[in-house]
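Please look over the model below before reading the report. The notes that accompany it are arranged by topic.

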Amino acid sequence: MTDALQDLAIALARSAQAARRLVASIALRHGRHLSGTLWRPDVLVASEQALPRGEAFEVTMADARSSSARVIGRDPTTNVAALRLETFADPPPEPNAAVEAQAGSIALAYGADGTGGITSRWGVIQALGPAWTSRAGGRIDRRIVVDVRLSRSEEGGPVLDVAGGCLGITTFAPARRVLVIPSATIDRSVEALLKHGRVARGWLGVALQPVAIPDSLQSGAGQRTGMMVMSLAESGPAATAGMVAGDILVSMNGTPTQRFRSLASQLGPESVGVETEIKVLRAGALVALRATIAARPPS
Amino acid sequence: MNALSHAVVPVPSLRVLVLAQDPAMGRKLRDLACAYGHRAVQRAGDADVALCADGATIPAGIPAVICGARSRAVAGWLPADANAIQLDAALRAVAAGLVVRSPAILRDGFEALRETDPASALTPREAQVLACLAQGLSNKAIARRLDISPHTVKFHLESLFRKLGVATRTEAVAAALEHARIATAEF
């Protein structure tokens, strides 16, 4: 029993040691800070939703070296922001053979304490699920929920498994539940941000809510639900095409718009600049509009 | 608002310092505050309360409301798309020394796109009435906005209460805010 505890203690200390080389403290205003994770020799990743607007931030690694870090780009669809360290480069420790995340296995979440040290949290992988789509339309490779309690400043730090493999970085879901953005998702997002500075998404400029199509119009529309336009972005593609609040979107390029996910999948990076036919129900009649899908402007 | 309602309920206006890095955002916040009779001032020394956009420097010494962010340094947290009614209520509350937290901003976080079960989808009218409810409009104001009779508004509200499983208007407003957050997605 004692041996098992000692082994555990040694393993935990070793894990924390490896994490020290990954964790960065990103200085914010009013003496606050946020955590970041070293992803490539000179590239840091952070939680996009937690990183305030700004072009550059002062960053301190756990060995007290500091550097200015310029924002390379932000991807709200996967909640990844990438920053380039300007004065030094450290290769992140080679992760041990990537072990598949397993529900119930131990997860170690690390963050920056703001004074050059790291914070450690220990929990288990509470839930594990398949790939999912974020509200902003990004594909997240796995659903990983960890049962750790984090402070706001620890968001964006790495999560390691017991073998030292990096599962990803922490991010807050509603009600302060903690999700892990998986490494595979971060890799993809960082790749795109390095290449283009952004992750392009098609954009119509509408807020939509699913509604039941009134009985009298169902046969004309050929479906029972559609998406009602609740609001439009001024001079966005939908507004320019003549769409107005109250219109019920029934199809896009002939595909019925009944599910958010299918709509999101039609607005991938390749959709930008494409002219598309949109059918809406307006005052009881089916109206066809043509809209040119734009690139989503930075939020 | 007419002179009579002023005479019956004296509603003091506040001197509001609006702070935003983006001038367009600053104008929008100023207009929202002024829509409820508040007055915009230029200096913190002249202000009762500050209204800050995300990213603005928060002034010391006066209570503040921030839109689109949370900060322990300020008493009021509102979402970026807060409406005039919420803004007015928040400004008055923090000026009176209270703390304001919007459920929308507390429940903020990275989350999955959730699909609505087609069986429980609202009718277009119900969705519009619910959106008005989320903005805090009265039955009369909803009727005017949607150009329908107050009686019809009541009819839609009854059906909404049933679908949302709520019994009171207060519950319905809370459910409306939550529904607006979950069921609406931007594309």
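## Conventions and confidence

This is a predicted model, in which local features need pLDDT of at least 70 and side-chain atom pairs count only at pLDDT 80 or more, whereas totals for chains, interfaces and linings use all residues. Residues are numbered from 1 along each chain as its sequence is written, while chains are lettered from A and ligands numbered from 1 in the order in which they are written.

Among the elements of chain A, the highest mean pLDDT, 97, belongs to strand E3 (residues 43-47), and the lowest, 82, to helix H3 (residues 215-221); helices (H or I, at least four residues) and strands (E, at least two) are DSSP runs, numbered from the N terminus.

## Chain B and its domains

Chain B contains eight helices and seven strands, and its C-alpha atoms fill a box of roughly 55 × 45 × 30 Å along the principal axes. Of its 187 residues, 35% count as buried, a term that requires 20 or more other C-beta atoms within 10 Å of the residue's own, with C-beta atoms placed from the backbone.

An automatic or database domain assignment divides chain B into domain 1 (3-106) and domain 2 (118-183), whose C-alpha centres lie 27 Å apart. Four residues of domain 1 of chain B are in contact with four of domain 2 of chain B, contact being defined by C-beta atoms, placed from the backbone, that lie within 7 Å.

## Where the chains meet

The contact between the chains takes 35 residues from chain A and 23 residues from chain B. On the side of chain B that touches chain A, helix H5 (124-134) and strand E7 (185-186) of chain B each supply at least two residues, and the largest share, three residues, comes from H5(B).

Strand E16 (residues 206-212) of chain A and E7(B) run antiparallel and are joined by two bridges, which meets the pairing criterion of at least two DSSP bridges. Ala207(A) stands opposite Glu186(B) in E7(B).

Technical notes: Contact = placed C-beta atoms within 7 Å. Buried ≥ 20, exposed ≤ 12 C-beta atoms within 10 Å, placed from the backbone. pLDDT = per-residue confidence, 0-100.
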